[in-house]
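This report describes selected local features of one protein chain. The sequence and the structure are shown first.

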Amino acid sequence: MFTTYRYMLRKIRITLASITFILLTLLFLDFTGITHGWFGWLARIQFIPALLALNVGIVVALIVLTLLFGRIYCSVICPLGIFQDVISWGGSRQKKNRFRYSPARKWLRYSLLAVFVFALIASFFASFHMLFGLLEPYSAYGRIASNLFAPFYRWGNNILAYLAERADSYAFYSTEVWIRSISTFIISLLTFLIVGYLAWRNGRTYCNTICPVGTLLGFLSEYSLFKPVFDQEKCNKCGLCARNCKAACIDAKNQQIDYSRCVSCMNCLEKCNKEAMIYSRRRAKVKEERTQEDDSRRRFLSVTSVMALTTVAARAQQLHVDGGFADIEDKKAPDRQTHIIPPGGVGITHFARHCTACQLCVSVCPNQILCPSAAIGRMMQPEISYERGYCRPECTKCSEVCPTGAIRKITTADKSATQIGRAVWKKELCLPYSGDVKCNNCARHCPVDAIQMIPNKNSESGKELPVPAVDTERCTGCGGCENLCPSRPYSAIYVEGNVKHHEI
């Protein structure tokens, strides 16, 4: 009976983690949007996105879950944590019982947590968004999935579409595969290699040494109600539990477990052949004198936790002060003075402070206008560019999937009444003005009739060919004019972003 109970806990954990991992990965791979409609909530229950969106219920639920069962979040909910388990499982297939206990690198863990909190606070005043996004685990995995896994998924889809077309079936349709940002691709590849190498060699090293969420939840898990404990009467100190602990947190010789690093994977319960490892309520212990180092560490973690939560709450208040609603020769992107953020992004300040660069909105955008930025101050955060399409009035996909509140959910009516930018005419590039060619593409395709063609009295040839005039009060900044302008390589009419979105 006891053996069945031990196996059952681990199997339940693996089953739930597998389902979560597959569905979260599909959120970044599925370009049809079907997965998001059913399982988009999985992105919203991630710890840092929930904090940034000020989803108090989710944050409290995750804290309570940790206080009850330890770091279940890291082993069942966090996609980067589960990804490490997958890689580690592959390494374990090559060599059994390969782990061993190692003391915690406290100085590195708490230093990186301090850096993360600093980046969180500093991004409120300056451009530290890249550093914050690099350390956030959910976003790190999102970039891996959308930049490294998604191309293979789309190539596979295109092969099926090709075969289906030959069979007179249109169950699949082809989609374009392209790298949206070289810099973000390189960062994603480096993250994949570093996390993958550490997981292959030593299991949860990244999770328990670098990840700030793991460190923060590790502090809470020391006080968890249920946890793996030694039955000292049965334990013969064989060390089998420690050699199968991917968190390297079991000191079998002294029959001690570092619960700040334990991710409740239940491997130790299954591998112990003496049934000396059990999962039960915390047992009362003789009160031991704490060292000065332990006291300092606890005070440090308490302060940083309060600082992080306070900062996030302050950031959420920006929702009320930023205004707006709560994004032939190949074309080249114009040199915009102000970049464009998606409808629902409220304003550049609000968007920058809430976005963790997880790339979920980039993955789901059907118009291929969202791309990770290469600018230093907003590296990896998505921005709009209209070389491949424009922001169609009926599409609100990005606002529906954003888990952090960087893009607030809006309706199509809200979107049609929101100006994210305004069109600017460059007469020297316009074909009727410079090339003596009749053209009215921009006016013909403007969905809000913000562009009118007026006679051009300054034509070099003396002809009065009509040229566009933009009504900036009606323009929504959708980019239809920029995308459909025949001028190459730069469009004769382009969209300049708004610092704050506003109603029209």
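The coordinates come from a predicted model.

**Packing of α7 and α11**

Two packed helices are described by the angle between their axes and the distance between the axes. Helix α7 (residues 79-94) packs against helix α11 (residues 182-202) at an angle of about 50°, and their axes are 7 Å apart. The two helices, α7 and α11, are therefore oblique to each other, since angles from 65 to 115 degrees would count as roughly perpendicular and those under 35 degrees as roughly parallel. The crossing of α7 with α11 is right-handed. On the α7 side, the contact is made by Leu80, Phe83, Gln84, Ile87, Ser88, Gly90, Gly91 and Gln94. Their partners in α11 are Phe192, Val195, Gly196, Ala199 and Trp200. By class, the residues of this contact comprise seven nonpolar, six polar and no charged.

**Helix α13**

Helix α13 covers residues 212-221, and ten of its ten residues are buried, so this helix is largely enclosed by the rest of the structure. Among the buried residues of α13 are Pro212, Val213, Leu216, Phe219 and Ser221.

**Ser75 in α6**

Ser75 belongs to helix α6 (residues 72-77). Its relative accessible area is 0%, so Ser75 is buried. A polar atom of the Ser75 side chain lies 2.9 Å from the backbone oxygen of Val263. When neighbours within four places in sequence are left aside, the contacts of Ser75 are Arg13, Ala17, Ile82, Asp85, Arg204, Val263 and Ser264.

**Backbone features in loops**

Buried means under 20% relative accessible area.

Which peptide bond is cis? The bond from Arg488 to Pro489 is cis, with omega near -5°. Pro489 is situated in the loop between α23 (480-484) and β10 (493-503).

Key: Residues are numbered from 1 along each chain as its sequence is written. This is a predicted model: local features need pLDDT of at least 70, side-chain atom pairs count only at pLDDT 80 or more; totals for chains, interfaces and linings use all residues. Side-chain values use heavy atoms; hydrogens and water are left out. Buried means under 20% relative accessible area, exposed over 50%, partly exposed in between (1.4 Å probe, protein chains only). Helices (H or I, at least four residues) and strands (E, at least two) are DSSP runs, numbered from the N terminus. Axes are lines fitted to C-alpha atoms, for helices over the stretch in contact, and angles run from 0 to 180 degrees between N-to-C directions. Angles under 35 degrees count as roughly parallel, over 145 as roughly antiparallel, 65 to 115 as roughly perpendicular and the rest as oblique. A crossing is left-handed if the near helix is turned anticlockwise from the far one by less than a right angle, and right-handed if clockwise. Contact means heavy atoms within 4.5 Å. Ala, Val, Leu, Ile, Met, Phe, Trp, Tyr, Cys and Pro count as nonpolar, Asp, Glu, Lys and Arg as charged, and the others, Gly among them, as polar. A polar contact is a pair of N or O atoms within 3.5 Å; within protein, one must be able to donate a hydrogen and the other to accept it, and residues adjacent in sequence count only if both atoms are side-chain atoms.
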